[in-house]
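Dear colleague,

Here is the structure I promised to hand over, and below it I have written out what was found in it. Please read the notes with the model open beside you.

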Amino acid sequence: LFNAATMRNMRLIAGKVLMDRHAPEALTDTAETAYTDSKALIEKWHGQGRNLYAITPRFAPTSTPEQLQKAGQLKAEYPDVYVHTHLSENKNEIAWVKELFPERESYLDVYHHYGLTGSKSVFAHCVHLEDEEWDCMHQTDSAIAFCPTSNLFLGSGLFPLKKTWDKGVKVGLGTDIGAGTSFNQLQTLNEAYKVQQLQGEKLSAFEALYHATLGGAKALSLDDRLGNFNIGKEADFVVLNLNATALQQLRQSRAKNIEDAFFALTMLGDDRNIAATYVYGVAVYVKAAASE
């Protein structure tokens, strides 16, 4: 994966998944191999070109305390690397964590105890955080990856996006892999809007754009390099055609202003809207013109 990203000069954060229990045998490692394999990958790839490394426990139930301790040891030895894992996605998962780690105060406290919270720690989902967990997220400057299509597909619950502003917690927009239903950020924003509607909250078009761009960059502590078109930043962006379909063309012809136009794009848009993709200022994809 790092090789492929390097060939394309892509900005990538990735890491070997750590699991030493409650998982298929062919996919498990041990506390020691999790440490040695990750250490070798960090030394080879972190900071090489545009690659960055993330220590990646699958989630607390699939790692023994010994493996989480080793993950924390890695983070202490390489404080500049990222941590990525799942947190409080659904209520059964939370109950399982409390059974497995009865000595810890909460699900997040498991990770915090092992030194896995911090400004470069990104926790996916966070649908059912307790008040003290919100406070810990804020105090440690940890970030959330909000994955609406996954949460809805699994019936996990409705993410309280407004609370991230109230509690001062960084959040970015995530598509998820296993349970997410699209890699497209426009479709993901479509579902994010509905998740807020079901809670009686509004997600404005401008806030949606923020979460998909600069908000995500801030969640990754990369807003000095990514997230907008400020001079000196890395030019990773897509060019979007607002009129990719007949329906969108009709709707856009009635757009009242730029906010309304972007709102329509997030409600109706998908991969068909991508006219071009730029990686570090170089066009790596340009949509072929439709044949006459």
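Helix α2 (residues 31-45) packs against helix α3 (residues 65-77) at an angle of about 25°, and their axes lie 8 Å apart. Here axes are lines fitted to C-alpha atoms, for helices over the stretch in contact, and angles run from 0 to 180 degrees between N-to-C directions; helices (H or I, at least four residues) and strands (E, at least two) are DSSP runs numbered from the N terminus. The two helices, α2 and α3, are therefore roughly parallel to each other, a term for angles under 35 degrees. On the side of α2 the contact (heavy atoms within 4.5 Å) is made by A31, E32, A34, Y35, S38, K39 and I42, and on the side of α3 by E66, Q67, K70, Q73, L74 and E77.

This is a predicted model, in which local features need pLDDT of at least 70 and side-chain atom pairs count only at pLDDT 80 or more, whereas totals for chains, interfaces and linings use all residues. Residues are numbered from 1 along each chain as its sequence is written, and side-chain values use heavy atoms, with hydrogens and water left out.

Beyond its neighbours within four places in sequence, I144 is in contact with residues including F123, H125, C126, M137 and F159.

**Around C147**

C147 is found in the loop between β6 (143-146) and α7 (148-154), and it is buried (under 20% relative accessible area, with a 1.4 Å probe and protein chains only), at 3%. Not counting residues up to four places away in sequence, C147 touches H125, G174 and D176. C147 and G180 are 33 residues apart in sequence, yet their C-alpha atoms are 7.4 Å apart in space.

D176 lies in the loop between β7 (170-173) and α9, and counts as buried at 17% relative accessibility. Its phi is near 65°, a positive value in a residue other than glycine. C126, in the loop between β5 (121-125) and α6 (131-140), likewise has a positive phi, near 55°, and counts as buried at 0% relative accessibility. Most residues other than glycine have a negative phi.

Key: Angles under 35 degrees count as roughly parallel, over 145 as roughly antiparallel, 65 to 115 as roughly perpendicular and the rest as oblique. Buried means under 20% relative accessible area, exposed over 50%, partly exposed in between (1.4 Å probe, protein chains only).
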